[in-house]
Amino acid sequence: MSLWQKPEHDRPASSATPSSSSSSSSSSSSSASSSSTTSASSAPHRESRAPGSPATIGQSVQIDGELTGQEDLIIDGKIEGKITLHGHHLTIGPNGRINAEVHAKSVQVNGEVSGNIHADDKVEISPSGSVNGDITAPRVALADGSSFKGSIDMGRKPGQSSSRGSSVSVNRDVPIAASSGKS
């Protein structure tokens, strides 16, 4: 039995009895089904993403409206409206252009965001990232060279310890640079 032939118990009863006439007809029918199976399985298809890997919105995709999800997401396209990924990580890729209100567990900005960002855990703005809006998160990281204009509220949620909570307002159009600490 070849890889493409059905096992004997799955074949119709007429091809199960070995005779020269039915054998030739069954071999021609099995080769016909074999060729159709082969052509169907050799058709190109997209690989599915690995389990646990984030979903991706590509650079050529534009969405106007509300985007919600229950998995981690990478955006390299253009989004206008609202993004909600409660309990999941959002990455704005280097080509991502976001004009939206953003809600997620954590947000990493490598592209541009115009709008407020609310994160349950952390917001990171990379050196190539730019945010024009308010950030509300317990932890915020602005990398050397990143751009930010808005306010930061690092207050804790009700019921959490507020000993480290703070609020900062930053209105800068210039990239953020680290100081050397020397005077």
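The model is predicted, so local features need pLDDT of at least 70 and side-chain atom pairs count only at pLDDT 80 or more, while totals for chains, interfaces and linings use all residues. Residues are numbered from 1 along each chain as its sequence is written, and side-chain values use heavy atoms, with hydrogens and water left out. Helices (H or I, at least four residues) and strands (E, at least two) are DSSP runs, numbered from the N terminus.

**Strand pairing around β4**

- Two strands count as paired if DSSP finds at least two bridges between them.
- Strand β2 (residues 62-68) runs parallel to β4 and is joined to β4 by 7 bridges; threonine 68 has threonine 84 of β4 as its bridge partner.
- β3 also pairs with β4 in the parallel sense, over 3 bridges, and here leucine 73 stands opposite leucine 90 in β4.
- Between β4 and β5 there are 12 bridges, again in the parallel sense, with leucine 90 opposite valine 107 in β5.

**Strand pairing around β7**

- Strand β5 (residues 97-109) and strand β7 (residues 117-125) run parallel and are joined by 7 bridges; histidine 103 stands opposite histidine 118 in β7.
- Strand β9 (residues 135-136) pairs with β7 in the parallel sense over 2 bridges, and histidine 118 has threonine 136 of β9 as its bridge partner.
- Strand β10 (residues 139-142) pairs with β7 in the parallel sense over 4 bridges, where the bridge partner of lysine 122 is arginine 139.

**The largest nonpolar core**

- A nonpolar core is a set of buried Ala, Val, Leu, Ile, Met, Phe, Trp, Tyr and Cys residues joined through side-chain atoms within 4.5 Å.
- The largest such core has 27 residues, and those touching the most other members are Ile75, Ile83, Leu90, Ile98, Val107, Ile117 and Ile135.
- At least two core residues come from each of β1 (55-57), β3 (73-75), β4 (78-92), β5, β7 and β11 (147-153), and the largest share, 6 residues, comes from β5.
- Beyond its neighbours within four places in sequence, isoleucine 75 has contacts that include Ile57, Leu67, Ile83, Leu90 and Ile98; contact means heavy atoms within 4.5 Å.

**Serine 146**

- Serine 146 sits in the loop between β10 and β11.
- Serine 146 has a relative accessible area of 0% and is therefore buried (buried means under 20% relative accessible area, exposed over 50%, partly exposed in between, with a 1.4 Å probe and protein chains only).
- A polar atom of the serine 146 side chain lies 2.7 Å from the backbone oxygen of alanine 143.

**Salt bridges**

- The whole structure holds 4 salt bridges, each defined as a side-chain nitrogen of Lys or Arg within 4 Å of a carboxyl oxygen of Asp or Glu.
- One of them joins aspartate 121 to arginine 139, with the closest N and O atoms 3.2 Å apart. This pair links distant parts of the chain, 18 residues apart, with aspartate 121 in strand β7 and arginine 139 in strand β10.
- Aspartate 121 is partly exposed at 28% relative accessibility, and arginine 139 is partly exposed at 36%.
- Lysine 78 forms a salt bridge with glutamate 80, with the closest N and O atoms 3.6 Å apart; lysine 78 is partly exposed at 37%, as is glutamate 80 at 29%.
- Lysine 122 and glutamate 124 meet in a salt bridge at 4.0 Å, N to O; lysine 122 is partly exposed at 22% and glutamate 124 at 32%.

Technical notes:
A polar contact is a pair of N or O atoms within 3.5 Å; within protein, one must be able to donate a hydrogen and the other to accept it, and residues adjacent in sequence count only if both atoms are side-chain atoms.
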